[in-house]
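Please look through the sequence and the model below before reading on.

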Amino acid sequence: MKKIEAIIKPFKLDDVREALSDAGITGMTVTEVKGFGRQKGHTELYRGAEYMVDFLPKTKIEIIIPDDLLDLCIETIMDVARTGKIGDGKIFVTEVEKIIRIRTGEENESAV
């Protein structure tokens, strides 16, 4: 089992969710986050004063999938979330040792 964490632009969330669903990948956790990387921040004007906005709004998607769906999931996210502009985001993949469904006690793939 793998955990995919994808940081994407917020306006791409619905497209990514729909594409993953069409690919047979269901179940995800979505969080509104803020951050910056190479994109850094940008300058905004407020009441005549210019100030720096360091943290930009992003959306974080977390998905737990079987190993055999890893490549499909990554390709789907990359294809749909890509705009070609700086700040498109990142995908992190980590190994999941164990999953337990609290309600039933099911473990691993049957718990997803």
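## Helix 2 and its surroundings

The buried residues of helix 2 pack against strand 1 (2–8), helix 1 (13–22), strand 5 (56–65) and strand 6 (90–95), where contact means heavy atoms within 4.5 Å. These residues are Leu70, Cys73, Ile74, Thr76, Ile77 and Ala81, buried meaning under 20% relative accessible area, exposed over 50% and partly exposed in between, with a 1.4 Å probe and protein chains only. They cover an arc of only 160 degrees around the axis, which puts them on the same side of helix 2; the arc is that of the directions from the helix axis to the C-beta atoms. On the face turned away from this buried side, helix 2 carries the exposed residues Asp71 and Asp79.

The 12 residues of helix 2 (residues 70–81) should span 16 Å at 1.5 Å a residue, and the end C-alpha atoms are 16 Å apart, which agrees. The expected span is 1.5 Å times one less than the number of residues.

## Basis of the model

This is a predicted model, in which local features need pLDDT of at least 70 and side-chain atom pairs count only at pLDDT 80 or more, while totals for chains, interfaces and linings use all residues. Residues are numbered from 1 along each chain as its sequence is written, and side-chain values use heavy atoms, with hydrogens and water left out.

## The chain as a whole

The protein chain has 2 helices and 6 strands, which run β-α-β-β-β-β-α-β from the N terminus on. Helices (H or I, at least four residues) and strands (E, at least two) are DSSP runs, numbered from the N terminus. Of the 112 residues in the protein chain, 29% are buried. Among contacts between residues at least 6 apart in sequence, 69% join residues at least 24 apart.

## Asp88 in the following loop

Asp88 is found in the loop between helix 2 and strand 6, and it counts as buried because its relative accessibility is 17%. Its side chain makes a polar contact with the side chain of Thr83 (2.4 Å), a polar contact being a pair of N or O atoms within 3.5 Å; within protein, one must be able to donate a hydrogen and the other to accept it, and residues adjacent in sequence count only if both atoms are side-chain atoms. The backbone nitrogen of Gly84 lies 2.9 Å from a polar atom of the Asp88 side chain. Leaving aside neighbours within four places in sequence, Asp88 is in contact with residues including Ile7, Ile8, Lys9 and Ala81.
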